[in-house]
Amino acid sequence: MRVRYLLRRILQLALTMWLVATIVFLMFRLIPGDPTSTLVDPTFPASLRAEILHRFGLDRPLHEQYLTYLARAVRGDFGWSFYYNSPVVEIVGDMIINTLLLALATFFLTYLFGILGGVVLAWKHGTPVDSVGSLVPLVFRAAPVFWTGMLFLMVFSYRLDWFPHAGIRTAGYAATNLFQKYVSLDFLWHLLLPAVVSTLYYMGLPMLLVRNAMLENFGEEYVEFARARGMSEARVMFRHVLRNALLPVVTSAAVFLGLALGGQIVVEYTFSWPGLGREIVMATQRRDYPVAQAMFLLLAVGVGLMNLLADMVYGYLDPRVRLQ
Amino acid sequence: MSRNLSEGLTLAAATGPSWRTRLGILRRILFRDLSTAVGITVIVLFVLVALLAPVLMTDDPWAINRRPNGTIARLDPPSRAHWLGTTDLGRDIYSQVVVGSRAALLVGFLAALMTTVVGTSVAVIAGYFGGWVDDLLMRVVDFAYAVPFVPFVIILVSLLKPSLANVIIAIALLYWRSSARVIRAQVLSLRERPYIKAARVAGAGPWRIIYHHITPNILPLAMLYMAIGVGWAIITESSVSFLGLGDPLVISWGSMLNLAFTTGAMQRAWWWVLPPGFSIILLVVATFLVGRSVEEYANPRLRGEV
């Protein structure tokens, strides 16, 4: 049963990705003006343009182009970047790792502090701690994440000079291998500001979920009983109430991963974090459309995989879903 | 809960409420608690600022100002002449913040209106007619969920030429997905209610039932999504402008922050960074507060507990 469900979801994902790829193909070709200007630099001389168009098959009919485009995308061949002057595939590797690491760090911090914060809010329910504490995530949710990022840069980077203002490692830092590249103090030092800023932005959701789920549990008899047994309030909160309130939080966590992957663009751009999201912006600004197109497809695949994961987790936790 | 309110609700539950009772309950809830009143006041204030912008501005927001000694007033801190200081080109920041409210409100309300209308229509049609119509429309919703939102808006806007209208269109093209899914679920449960069955037996056509019996009942949910949508649209527009892909001829809070960021002036010109950011937060929090009380209205369970 579960295997069949999984297979069906994977098939659905493949179908969706095909649709996304088709939309991307159409988006980049059916726009006003000369569509090839998005694929071959329009400032090239006419003869050179014609040659390039021919070499990339852009002078062939649309349906033929579409088929070659799909065949290439499946093999991971996304064409040639004007800006880097190299195949797109060669530049994406590090960016995928960088984006994933930032997303994972954000995920970890968001749920660690979100859950702890939610427990505190529920615990102090009805006191000023709760009413002020519930407002804080609302404000960070309403603040554009790039603006919070700018504030952090102004204070912690430019004024106090505690943290670097851009990038992923200090210039001139040479790592001897991939492991050292990412497991180093220098990397963590660069990671902290962007991860904290996106955490502040996302933290509100798990925090309020935990708070509300815990409040619903407060009236239950097992809570009274635990208190009557003379347990400390902290033990009641963490060992008993939180445990029962965690299910909606876990399911939201799986959905969150997909969301964080797609929504990370602005944070990456603000902190010059060399990931997929920042590259979409840079490529769009540079009119380097083969790169923008590839990054968009990669992000869509990432989001799709995360949503698949979310469905699997959800199905595992709530068996009713599996049967549908 | 006031007695009028509960009477209204009882009446509503019995007959399937008319548009007028619905709006009456909504009005009472909106003005019941302080945070909602604050939210509405803030939104009204911003609307007034946007309407009265020409009167409120102290300066042409594009004008390059000079100091008394003739040099360009680059990055002057707040002063009597420039209440919120100046940009790197000597432009008056206070006037830019004032005129920026227009872009924010325009994008916020139009994009939210479009997403709500599209999302609600899809939801009502899918939910009421069911069958293959429902299947088809819900697959489209699934597909819309598979497209990463911000990247889509950025690329589409840059391909179509950056302009406020295109930002609104790009937001509306994807954002309707969330309201469609939730409102459809509501329509599915409404369809089986006795008064709707009665209407059907009495010979009412599908469109009449949708207009008179379904739509008034999903209106609160639709308004909840509208309220949330206004906030999201404002944040999305400011993000697109911040990334340098907004309309170059329009001053928005996001484009102000983009310049403060890309010119590096943010390192010391706090007066350029704080005002647009606070404006966004204030306006978006206000829409969230209003949204929260609409949610209480849309979800009667929340009304019992306070």
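User: Which residue does the side chain of B:Arg184 meet in a salt bridge?
Analyst: B:Asp134, with N to O at 2.7 Å. A salt bridge here is a side-chain nitrogen of Lys or Arg within 4 Å of a carboxyl oxygen of Asp or Glu.

User: B:Arg184 and B:Asp134, buried or exposed?
Analyst: B:Arg184 is buried, and B:Asp134 is too. Buried means under 20% relative accessible area, exposed over 50%, and partly exposed in between, with a 1.4 Å probe and protein chains only.

User: What are the ground rules for numbering and confidence?
Analyst: This is a predicted model, where local features need pLDDT of at least 70, side-chain atom pairs count only at pLDDT 80 or more, and totals for chains, interfaces and linings use all residues. Residues are numbered from 1 along each chain as its sequence is written, chains are lettered from A and ligands numbered from 1 in the order in which they are written, and side-chain values use heavy atoms, with hydrogens and water left out.

User: How many salt bridges over all chains?
Analyst: Nine, from a search of the whole structure.

User: What does B:Asp142 pair with?
Analyst: B:Arg139, in a salt bridge of 3.0 Å, N to O. Both residues lie in helix α6 of chain B, three residues apart, which is about one turn of the helix. B:Asp142 is partly exposed at 30% relative accessible area, and B:Arg139 is partly exposed at 48%.

User: Which residues are linked with B:Asp142 in a network?
Analyst: B:Arg139 and B:Arg181 are linked with B:Asp142 in a network of salt bridges.

User: And B:Glu192, what does that bridge to?
Analyst: B:Lys197, where the closest N and O atoms are 3.6 Å apart. B:Glu192 is partly exposed at 44% relative accessibility, and B:Lys197 is partly exposed at 40%.

User: OK, packing. At what angle do α6(B) and α8(B) pack?
Analyst: About 135°, with the axes 9 Å apart. The axes are lines fitted to C-alpha atoms, for helices over the stretch in contact, and angles run from 0 to 180 degrees between N-to-C directions. The two helices, α6(B) and α8(B), are therefore oblique to each other. Angles under 35 degrees count as roughly parallel, over 145 as roughly antiparallel, 65 to 115 as roughly perpendicular, and the rest as oblique.

User: Is the crossing of α6(B) and α8(B) left-handed or right-handed?
Analyst: Left-handed. A crossing is left-handed if the near helix is turned anticlockwise from the far one by less than a right angle, and right-handed if clockwise.

User: Which residues meet there, α6(B) against α8(B)?
Analyst: On α6(B) they include B:Asp134, B:Met138, B:Val141 and B:Asp142, and on α8(B) they include B:Trp176, B:Ala180, B:Arg181 and B:Arg184. Contact means heavy atoms within 4.5 Å.

User: B:Ala180, what does that touch?
Analyst: B:Gly119, B:Val122, B:Ala123 and B:Val141, not counting residues up to four places away in sequence. B:Ala180 counts as buried, at 0% relative accessibility.

User: Switching to chain A. At what angle do α4(A) and α8(A) pack?
Analyst: Helix α4 (residues 88-123) and helix α8 (residues 185-202) of chain A pack at about 55°, with axes 8 Å apart. That makes α4(A) oblique to α8(A). The crossing of α4(A) past α8(A) is right-handed. Among the residues making the contact are A:Leu102 and A:Leu109 of α4(A), and A:Phe187 and A:Leu191 of α8(A).

User: How many helices and strands in chain A, and in chain B?
Analyst: Chain A has 15 helices and two strands. Chain B has 13 helices and zero strands.

How values were computed:
Helix = DSSP H or I, 4+ residues; strand = E, 2+ residues; numbered from the N terminus.
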